[in-house]
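Reader: I would like to learn how to read pockets and strand pairing from a model. Please start with a pocket lining.

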Amino acid sequence: MVLEKCIKESFVVIGKEGSTDDGKDFIQKLWKNANSNFNEVAHLAKKDDNCKILGIWGAMSDFSRSFNPWERNFSQGLYLAGVECKDNSQSPKGWTKWIIPAYEYLYVKNERSDTFPNVIKYLQQNSISLAGAVHDFNYPETGKGYMFFPIRKL
């Protein structure tokens with residue numbers, strides 16, 4: 001497991017929102033809904049110089065929408081399955097816009113099912129506290145997935 005550090009300024013994600021209260025497999029259902037209706041938000045997505053989408057996010061927050069970590073040992077909270085969008089974007093009907101605060105993150109390639117607990121264990125062993133909710137990130141160009149662990153709010 002290779003942890004890297006980065007700073008990411010505040011950014012916008014527009015997606016389909018749900019919560020752990022929605023039951024088992026709610027995240028998969030959100031992604032199915034977001035992917036099947038992506039054409040409704042594609043024009044809002046941030047793109048690189050080659051017009052490639054910069055990022056797909058599984059953004060998370062506690063129920064207060066304060067972007068704190070999920071509650072009850074990371075088992076309860078909100079999830080937004082979406083795409084990183086231009087800052088001034090307005091969410092279309094049926095979509096939700098979150099403005100993720102600026103943080104310093106530790107991030108790691110998400111290649112194993114135990115990535116999350118392994119990083120949490122590492123943070124605890126090194127006396128590093130989470131400063132916010134963990135987010136899933138997928139870089140569309142490579143298809144590689146990462147987990148972003150906020151360690152300092154900017």
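Author: This is a predicted model. Take the second largest pocket, whose lining is made up of M1, V2, E4, Y107, V108, K109, E111, R112, D114, T115, N118 and Y146.

Reader: Which element gives the most to the lining of the second largest pocket?

Author: That is β6, with three residues.

Reader: How does the lining of the second largest pocket divide by class?

Author: Five residues are nonpolar, two are polar and five are charged. The space in this pocket comes to about 220 Å³.

Reader: What is the volume of the largest pocket, and which residues lie nearest its centre?

Author: Its volume is about 270 Å³. The lining has 15 residues, and M60, F116, V134, D136 and M147 lie nearest the centre. By class, the lining of the largest pocket holds 10 nonpolar, three polar and two charged residues.

Reader: Now the strands. How should I think about side chains along one?

Author: In a regular strand, side chains alternate between the two faces of the sheet. For a case here, take β3, residues 56–61.

Reader: How many of the six residues of β3 are buried?

Author: Five of the six are buried, with under 20% relative accessible area as the cut-off.

Reader: Which strands are joined to β3 by bridges?

Author: Strand β4 (residues 78–85) runs antiparallel to β3 and is joined to it by six bridges. Within that pairing, W57 has G82 as its bridge partner. Strand β7 (residues 135–139) is also antiparallel to β3, with three bridges; there, I56 is partnered by N138.

Note on methods. Residues are numbered from 1 along each chain as its sequence is written. This is a predicted model: local features need pLDDT of at least 70, side-chain atom pairs count only at pLDDT 80 or more; totals for chains, interfaces and linings use all residues. Side-chain values use heavy atoms; hydrogens and water are left out. On a 1 Å grid over the protein atoms alone, a cavity is a set of points where a 1.4 Å probe fits but cannot get out, and a pocket is an open set with protein on both sides within 12 Å along at least five of seven lines; lining residues have an atom within 4 Å of a point. Grid points are joined across faces, edges and corners, and a volume is the space filled by probe spheres set on the points. Ala, Val, Leu, Ile, Met, Phe, Trp, Tyr, Cys and Pro count as nonpolar, Asp, Glu, Lys and Arg as charged, and the others, Gly among them, as polar. Helices (H or I, at least four residues) and strands (E, at least two) are DSSP runs, numbered from the N terminus. Buried means under 20% relative accessible area, exposed over 50%, partly exposed in between (1.4 Å probe, protein chains only). Two strands pair if DSSP finds at least two bridges between them.
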